[in-house]
Amino acid sequence: RQDSRTERDLLAGTLDMLILRMLQAGAAHGLQIAQDIERRSDDVLLVEQGSLYPALHRLEDRGWIASSWGVSDTNRRVKTYTLTEQGRAQLKAELSRWQHFSAAITRVA
C-alpha cells in the first residue's frame, strides 16, 4: 500500500529525532521507546524492531545516546538507553530543523 510506504519513509527520516525526544524524559529500553512513540502519536507512527535497533546502534555510535544493561519491570535483562549531553544538543538542532521544515510544508499546503 502506497500510504504505509510513505509513512515508513517519513518515519525513517525522523526516527533518530523521535528516539532522542523520547529519551529526553529519561532512560528507557528499546520496547519502551517504540511504545512511547506509538502512544504519543496516537498509534499513527509505528516503530518496527527492524528500524528501531539499527537506529539505536547508530545513535550510540555517534555518541548521542549511551547504553547499559539493567533489569526491566518484568525482571528481564534489558539494555537501557540514556541521552548524552551531545545527544541533547543534537536533539535541539533536529527539533529546530523539523519546526522550520514543517512550517514550510504548512505554507505550501
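Colour the protein by confidence: the mean is lowest in H1, at 72, and highest in S3, at 96. That score is pLDDT, the predictor's confidence in each residue, from 0 to 100. The protein averages 89, and 88% of the residues score at least 70. Helices (H or I, at least four residues) and strands (E, at least two) are DSSP runs, numbered from the N terminus.

This is a predicted model, where local features need pLDDT of at least 70, side-chain atom pairs count only at pLDDT 80 or more, and totals for chains, interfaces and linings use all residues. Residues are numbered from 1 along each chain as its sequence is written, and side-chain values use heavy atoms, with hydrogens and water left out.

**The core**

Select Ile 19, Leu 23, Ile 33 and Ile 65. These have the most contacts inside the largest nonpolar core, which has 21 residues. Such a core joins buried Ala, Val, Leu, Ile, Met, Phe, Trp, Tyr and Cys residues through side-chain atoms within 4.5 Å; buried means under 20% relative accessible area (1.4 Å probe, protein chains only). H1 (2-23), H2, H3 and S3 each supply at least two residues of this core. H1 gives the most, seven.

Stay on Leu 23. Leaving out residues up to four places away in sequence, Leu 23 touches Ala 28, Ile 33, Ile 65, Tyr 81, Thr 82 and Leu 83. Contact means heavy atoms within 4.5 Å.

**The lining**

Now show His 29, Gly 30, Leu 31, Gln 32 and Val 78. They lie nearest the centre of the largest pocket, among 22 lining residues. H2 (30-40), H3 (49-61) and S3 (77-83) are the elements giving two or more residues to this lining. On a 1 Å grid over the protein atoms alone, a pocket is an open set of points where a 1.4 Å probe fits, with protein on both sides within 12 Å along at least five of seven lines; lining residues have an atom within 4 Å of a point.

Methods:
Buried < 20%, exposed > 50% of the residue type's maximum accessible area, 1.4 Å probe, protein only.
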